Amino acid sequence: MTRVLLCGGAGYIGSHTAVELLENGYDIVVVDDLSNSSKESLERVKKITGKDFPFYQADVCHKSALDRIFEENQIDAVIHFAGKKAVGESVQIPLEYYRINLNATLALCESMIQHGVMNIIFSSSATVYSADNKVPFTEKSHLGCSNPYGWTKLMNEQILQDIAKATPGFSVVLLRYFNPVGAHPSGLIGEDPQGIPNNLMPFIAQVAVGKRDHINVFGNDYDTPDGTGVRDYLHVVDLASGHVAALNYVMNHEGTEIFNLGTGKGVSVLDMIKSYSKACGRILTYVIAPRRAGDLATVYADATKAKEVLGWTATKTLDDMCADSWNWQSHNPNGYH
Ligand code: UFG
């Protein structure tokens, strides 16, 4: 039985991936410091799957904690979701972002190699692509970041590629996520942001459930069909199944391979509000606000490589994403709390 260590496995993407792995016959071990996640998410994963697994509450930056996990469990591969992820916050406290996001990868790779664990999948982001590219972005598009969060993703990609080059048998898959949204169709797990949500769908969800009054649409004068920003929103369950496909790949190769995970389709802010209004059964109020600094007009993936090499494609529609988000939000208006 293949056993996978999920670093940051109690978080939004980690918990959904945990479900997909358990349902596809993998064993898992979860490590998470719960700094931006809840242990309740793991209880819900157990409820959905009917399966149990070990959990360690520990900081992935602490190599001694990782050493203990690798000593106590026979691990075949690691999926590394752990890290800080708020773009705006990373501009305010860059030192903390570099310290945490880079140290986690360094400690993890040191401990993995010491214990002979040679397969890792890393959560990267479409944010590593520079603004001067034409859409859709392919894995060969130019790289470059506009904030410290993005740089930590790109630096971690570099670190992992260099380790793979220098370490025979080491295998790395870098997954560049576009915009993960939605929730598990059971309504038991979903995104649970602390404070005011930065991202569009969790903000809309809080307006829909009556926690906030209206949505601010950041700019309607972009060069896009309706003037609002266009993104490649991807159902989190599709994203989770992308990790299962990548796991199969990483275990059977060595060196580094990079994949975009997206739908390949662009959706505007107004499209999203319309679809969410349908899902929750009322017209959601929005106000046109100034553009948000650093935002691009249009971002979407060319996901051909993931289809050809991993055999993976996204299958869920925008209406599925909104319906599943609403199912989670309406049943858990305060998230896991
Ligand atoms: N938007 C609004 N109002 C809001 C929030 C967002 O109009 O309240 C707009 C944005 O201007 C943008 C779109 O909705 O046009 C999507 O914004 P998000 O904040 O949801 O997502 P981003 O594309 O800005 O960023 C996301 C993740 C990053 C990741 C990036 C990769 O937050 O971590 O995708 O492309 F790096």
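Strand E6, residues 171-177, pairs with E11 in the parallel sense, and the two share seven bridges. Within this pair, Val172 stands opposite Thr256 in E11. That is a handy place to start looking around this structure, which is a predicted model.

**The sheet and its helices**

Strands E6 and E11 belong to an open sheet of seven strands with parallel pairing. Reading across the sheet, the order is E3-E2-E1-E4-E5-E6-E11. As background, strands of a sheet pair through backbone hydrogen bonds, either parallel or antiparallel. The edges here are strand E3 (55-57) and strand E11 (255-261), each of which pairs on one side only. On average, neighbouring strands of the sheet are turned by 15° against each other, with direction ignored.

Helix H5, residues 94-114, lies across E1, E4 and strand E5 (119-125), and runs at about 180° to E4.

**Around the ligand**

| Residue | Protein atom | Ligand atom | Distance |
|---|---|---|---|
| Asn216 | backbone N or O | nitrogen | 2.7 Å |
| Phe218 | polar backbone atom | oxygen | 2.9 Å |
| Arg292 | side-chain N or O | oxygen | 2.8 Å |

How much of the ligand does the protein cover? On its own, the ligand has 690 Å² of accessible area, and the protein covers 89% of that.

**Two details in the loops**

Most residues other than glycine have a negative phi, and most peptide bonds are trans. With that in mind, two spots in the backbone deserve a look. Leu34 is not a glycine, yet has a positive phi of about 60°. You will find Leu34 in the loop between E2 and helix H2 (40-49). The other spot is the peptide bond from Val135 to Pro136, which is cis, with omega near -5°. Pro136 has its place in the loop between E5 and helix H6 (148-166).

Notes. Residues are numbered from 1 along each chain as its sequence is written. This is a predicted model: local features need pLDDT of at least 70, side-chain atom pairs count only at pLDDT 80 or more; totals for chains, interfaces and linings use all residues. Side-chain values use heavy atoms; hydrogens and water are left out. Two strands pair if DSSP finds at least two bridges between them. Helices (H or I, at least four residues) and strands (E, at least two) are DSSP runs, numbered from the N terminus. Axes are lines fitted to C-alpha atoms, for helices over the stretch in contact, and angles run from 0 to 180 degrees between N-to-C directions. Contact means heavy atoms within 4.5 Å. A polar contact is a pair of N or O atoms within 3.5 Å; within protein, one must be able to donate a hydrogen and the other to accept it, and residues adjacent in sequence count only if both atoms are side-chain atoms. Accessible areas come from the Shrake-Rupley method with a 1.4 Å probe; for residues, only the protein chains shown count as cover.
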